[in-house]
Amino acid sequence: METGSVIGYLVSLVIMASIYGVFCLGLNIQWGYTGLFNIGIAGFFCIGAYTSAMITTPVPSGILAQYVHQLFGLNLPFVFGLLGAALMCGLVAFLIGVPTLRLSEDYLAIATLGIAETFRLIFNNERWLANGPQGLMGLPQPLHSLMGGRNYDYLYLVIVLIVVVIVYLLIEKGVRSPWGRVLRAVREDEISASASGKDVFRFKMQSLVFGSMVMGVGGALYAHYTKAISPDVFTPLYGTFIIWVMLMAGGSGNNKGALLGAYVIWGIWIGSDFLMDMLPDVIRDKGPYLRFLIVGILLEVILIYRPQGILGEEKKVSKMYN
Amino acid sequence: MAELFVYGIVLGCIISLGAIGITLVYGIVRMANFAHGEFMTAGAYIALLIVSVILPWLGVPDTTFGPLSFGWRMLIAFPVSMAAVAFIGIFFDRLLYKKLRLKNSNAVILAMSSLGVSFMIRMIILIITGPDYRFYRPGIMRPALQLPFGIKIRPDQIFIVALVVVLVVLLHLFLQRTKMGKAMRATADNTELALISGIDTEGIVMWTWGIGGGLAAAAGMLYGIDVQIHPGMGWNFLIPLFAAAILGGIGNMYGALVGGLVIGIAEQLSTAVLTPTYKLAVAFIIMILILFIKPEGIFGGSDK
């Protein structure tokens, strides 16, 4: 491989890892800091991606309208797509939170799983909503006029990294504030948190909504990177499971760990693809399954032998204000 | 409509078998088992291995019983596959969940571990068989029986309901009459109290996984006889299984039985107005409604 294509490949790898980093940060608010068990990340991934796609594209017209159906198309700039994705995911999270957050953690898990599967079904079956199984294509990329063509990835990498930094700083500020301390109090012991006069339900809801909004942003970043989305992208494996493994590997309750986990696991994931290429054909055909099996084993090993992940939780969390 | 109702009972019976396992594991082991759907898939595929590879090799004839679509091969596969999946359930408990319990891990960590197990089982099945849809006996459509009210039903479906009734009655007798069954109910009611009464709760946990796994395997095989089998079938059952368990009051075996029937009937009736692919969403919406109205389920939580 020539140097140019190697660098190009590395850039695309870092873009995807950074987008997964956004999901990990969102999940870290929910799980790492509050103990909320969301196993329907793929649902927020999906809603974020579709919302941003429909905000930033025009309604199909002319001959295209016969082939592409979508509920609405606002043709607004990328930033509105990101914000819209966040708002929509926040709204969905709120609706899931109302019946489940007063119950034990498992109910939230089952409900989020259900919402993820249900949305995938809806987007697959309802052609009028977002073109059914074919999905939406030709999504606009921000600042494409500035630096089009083969080098656009470099620009998109910068955009993704800016979003990652903004999200990271926002969350850091949140979790190091009194608000963040209440979240951890809720995670450790709900009863004593509520005995100290904290409205546990409200704090859990805020954490769920905030985390889901971040996931919505991740979904939007993904949509405008690949320029095409369809319901079969948002599977439990690529949309939920691998993100959990990333967070558990990096260290839940630690935002640096969340990002580190995304890069490490995505690196292993892509690297294992290269390893599969060296194996005989019989095994290579089973490549994706084999790789997911290994990721599953990795999760179990982490849960038993290193539940705190690579970095573990930071103990001194209020140092920003000292 | 009457026909959809009857099909709903058939589907509901299958869901009930799975939901009973979910609810027993939740009540006794105190964890949400997200791998339960994959126990069903594993049961269905182990049976496929037995009927299409092992038994032909042993020379068991490929006959069918009267109007049913299967014969001795499937009948032999049934108990063997149930035992195998019971063993798989116990195996993963020993390998993973027991270690986590001993470390006093959060119940959520156990649930996450089971999510990992569910993906691992699915991947192993995909590696061995690939993603294709399969049938136990391809190409044979037995004529349906004509019942009153224009209901058409296949003999296989009558067998499914009958077998589920037998299994549930056996489980009922086990829980009410045997010492082990009584100990299981005691543990579900209050683990600490069971411990200080000298009940071997780790032994109970093994029995729970065994029973849950065996019933899930039966559910998977029955679904395979009724419809078809594919590697994602169990995952698609996960939401209906939990919906049934929650509807009946989680931890309550008899509740899960009724919950399964309600979910199955609702799913089938919905196909009168919705695309059949939405069945799963119907189960999900019923579950959300129950969480809003009566989160402890219709029959309350504890196992009576």
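**Figure 1. Accessible surface and overall form of chain A.** Chain A exposes about 13,600 Å², of which carbon and sulfur atoms supply 68%; accessible areas come from the Shrake-Rupley method with a 1.4 Å probe, and for residues only the protein chains shown count as cover. The model is predicted: local features need pLDDT of at least 70 and side-chain atom pairs count only at pLDDT 80 or more, whereas totals for chains, interfaces and linings use all residues. Residues are numbered from 1 along each chain as its sequence is written, chains are lettered from A and ligands numbered from 1 in the order in which they are written, and side-chain values use heavy atoms, with hydrogens and water left out. The C-alpha atoms of chain A fill a box of roughly 65 × 45 × 40 Å along the principal axes. The radius of gyration of chain A is 20 Å, which agrees with the value near 20 Å for a compact globule of 322 residues; the radius is taken over C-alpha atoms, and the globule rule is 2.2 Å times the number of residues to the power 0.38.

Figure 2. Chain A has 14 helices and zero strands; helices (H or I, at least four residues) and strands (E, at least two) are DSSP runs, numbered from the N terminus. Of its 322 residues, 58% count as buried, that is, under 20% relative accessible area, with exposed meaning over 50% and partly exposed in between (1.4 Å probe, protein chains only). Among contacts (heavy atoms within 4.5 Å) between residues at least 6 apart in sequence, 77% join residues at least 24 apart in chain A. The mean positions of the 21 positive and 19 negative charges of chain A are 9 Å apart. Lys and Arg count as positive and Asp and Glu as negative, while His and the chain ends are not counted; the place of a charge is NZ of Lys, CZ of Arg, CG of Asp or CD of Glu.

Figure 3. A:Thr51 belongs to helix α2 (residues 41-56) of chain A. With a relative accessible area of 9%, A:Thr51 is buried. Beyond its neighbours within four places in sequence, A:Thr51 is in contact with A:Gly84, A:Ala85 and A:Met88.

**Figure 4. Overall form of chain B.** Chain B has 11 helices and two strands. The radius of gyration of chain B is 19 Å, close to the 19 Å that the globule rule gives for 304 residues, so chain B is as compact as a globular protein of that length. The C-alpha trace of chain B spans about 55 × 50 × 35 Å along its principal axes. Of the 304 residues of chain B, 60% count as buried. Chain B exposes about 12,100 Å², with 71% supplied by carbon and sulfur atoms.

Figure 5. B:Ser81 lies in helix α3 (residues 72-102) of chain B and is buried, with a relative accessible area of 0%. Its side chain reaches the backbone oxygen of B:Gly43 at 2.8 Å. Apart from neighbours within four places in sequence, the residues in contact with B:Ser81 are B:Gly43, B:Ile46, B:Ala47, B:Ile50, B:Ala217 and B:Met221.

**Figure 6. B:Ala188 and B:Asn252.** B:Ala188 is part of helix α6 (residues 179-189) of chain B and counts as buried at 17% relative accessibility. B:Ala188 and B:Asn252 are 64 residues apart in sequence, and their C-alpha atoms are 9.2 Å apart in space.

Key
A polar contact is a pair of N or O atoms within 3.5 Å; within protein, one must be able to donate a hydrogen and the other to accept it, and residues adjacent in sequence count only if both atoms are side-chain atoms.
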